[in-house]
Amino acid sequence: MTSTRRQVLSQGAAIVSVASTGFLASTASAQAGKLRVGLMLPYTGTFAQLGVAIENGFRMALNEQGGKLGGREVEFFKVDDESEPAKGIENANKLVQRDKVDVIVGTVHSGVQMGIHKVARDSGVLSLIPNAGVHAATRGLCALNVFRTSFTNSQPTKALGKVVAQKGHKRVVWISWKYAAGDEAFEGFKESYLAAGGTIVKELGLPFPNVEFQALLTEIAALKPDAVACFFAGGGAAKFMKDYAAAGLQGKIPLYGSGFLTEGVLDAAGPAANGVTTTLHYSDSLDTPRNKAFRLAYAKQYKMQPDVYAVQGYDTGLLLIQGANAVKGDLTNKAPLYKAMQDAAIDSPRGKWTMSAAHNPVQDIYLRVVKDKENKVLGIAAKALSDSGTGCKLA
Ligand code: PHB
């Protein structure tokens, strides 16, 4: 092909594309196109099944609306974030700059969330957090365009500390992965456990997503605490409970945790999970028509049982539906969009919850114990628990 011919062709293409843009602009508003939803979740690694459950739950909520948001069709763009904080900003930018999404739904890992959060704050894109509990996102670095549908890392453990003290355990060892989620879960536990008169004998940790627990379990056996409290999740949580039992500690030193420890892993952990007592904003066994209907529909659609991550994904869908409906699918109409989401009351399988001023759920935290591969509810450990939202200022 000669260069002249190439030039003519490319000029021709340019003219066609200008013409078609003009045609689009004059005949229909931009909102008539598909709403672009970015899913940035872990699809590989120790949190892979958490990402899948979130996506399933989110899609289920949209499917209940005929697959539409505010009357618009939806197009999905997916990125596997691998729970890798170092790639957080780059991956979020793929969705915002390359795919031009209207909203990012993500993610699970607190470190990766900080990457999404930077991109959300810089670009103004709507950011919905379906899991990661990192405090900063709804405290000092809160933002009008960022809403969380899950929890802050210290919410479940704030309820846990009191429970462990009330059970009469005076000396406790804490163990978790050393990153924001583990550190902030510890912060919540420490605050309420110390206030109730308990003593923390030792804080143990290992880097995420390391699962070499042996040396630490040997140390726990030597320390002989009254109980152990922990934060682990996903594949690592199943391995921790199995190793705990294999080390001979099950039944000897009671094991407590924020409830992620026993979510989605009860088959994998088997009998090693029996008796593990946890606090969380959801439980499979919640005996409400809303939860039962959700569980049935989810199991039918996905041929697996839902867990807290599926519920959080579902609630993220419910929240986005309320926002999108309020602006008839035009997510660029920011003030009424944010107001609808701020004012949303979510009728969730976990129970009804509302959005705090800092954009984090105000919710009940349940006390649960594992029996026969189920998280059985023992009661409410904390009623309508809100995160402090310290340092959050939304103009
Ligand atoms: C987090 O990194 O914030 C995190 C990850 C998994 C969980 C909970 C919190 O189950």
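Trainee: Is Ser258 buried or exposed?
Mentor: Buried. This is a predicted model, and Ser258 has a relative accessible area of 1% in it. The cut-off for buried is under 20%, so Ser258 qualifies.

Trainee: Where is Ser258 found?
Mentor: In strand E9, residues 255-258.

Trainee: And what is Ser258 in contact with, leaving aside neighbours within four places in sequence?
Mentor: Pro156, Thr157 and Leu160 are among them. The list also has Cys230, Phe231, Thr278 and Thr279.

Trainee: Switching to rings. How many aromatic pairs are there?
Mentor: The count comes to 21 aromatic pairs. Take Tyr179 and Phe208: their ring centres are 5.1 Å apart. Their planes are at 50°.

Trainee: Why does that pair of Tyr179 and Phe208 count as tilted?
Mentor: Under 30 degrees would be stacked and over 60 edge-to-face, so planes at 50° make the pair tilted.

Trainee: Which parts of the chain does the pair link?
Mentor: Distant ones, 29 residues apart. Tyr179 is in the loop between strand E6 (171-177) and helix H6 (180-195). Phe208 is in the loop between strand E7 (199-206) and helix H7 (214-223).

Trainee: Are those two buried or exposed?
Mentor: Tyr179 is buried at 11% relative accessible area. Phe208 is buried too, at 18%.

Trainee: What do ring pairs link into a cluster?
Mentor: Tyr179 and Phe208 are in it, and other members include Phe47, Trp177, Phe231 and Tyr309.

Trainee: Last one. Which charged end sits over the ring of Phe76?
Mentor: That of Arg59, 4.0 Å from the ring centre. Lys78 lies over the face of Tyr43, 4.7 Å from the ring centre.

Definitions and conventions
Residues numbered from 1 in each chain as written. Predicted model: local features only at pLDDT ≥ 70, side-chain atom pairs only at ≥ 80, totals over all residues. Heavy atoms only, no water. Phe/Tyr/Trp six-rings, centres within 6.5 Å; stacked < 30°, edge-to-face > 60°. Helix = DSSP H or I, 4+ residues; strand = E, 2+ residues; numbered from the N terminus. Buried < 20%, exposed > 50% of the residue type's maximum accessible area, 1.4 Å probe, protein only. Lys NZ or Arg CZ within 6 Å of the ring centre and 35° of its normal. Contact = heavy atoms within 4.5 Å.
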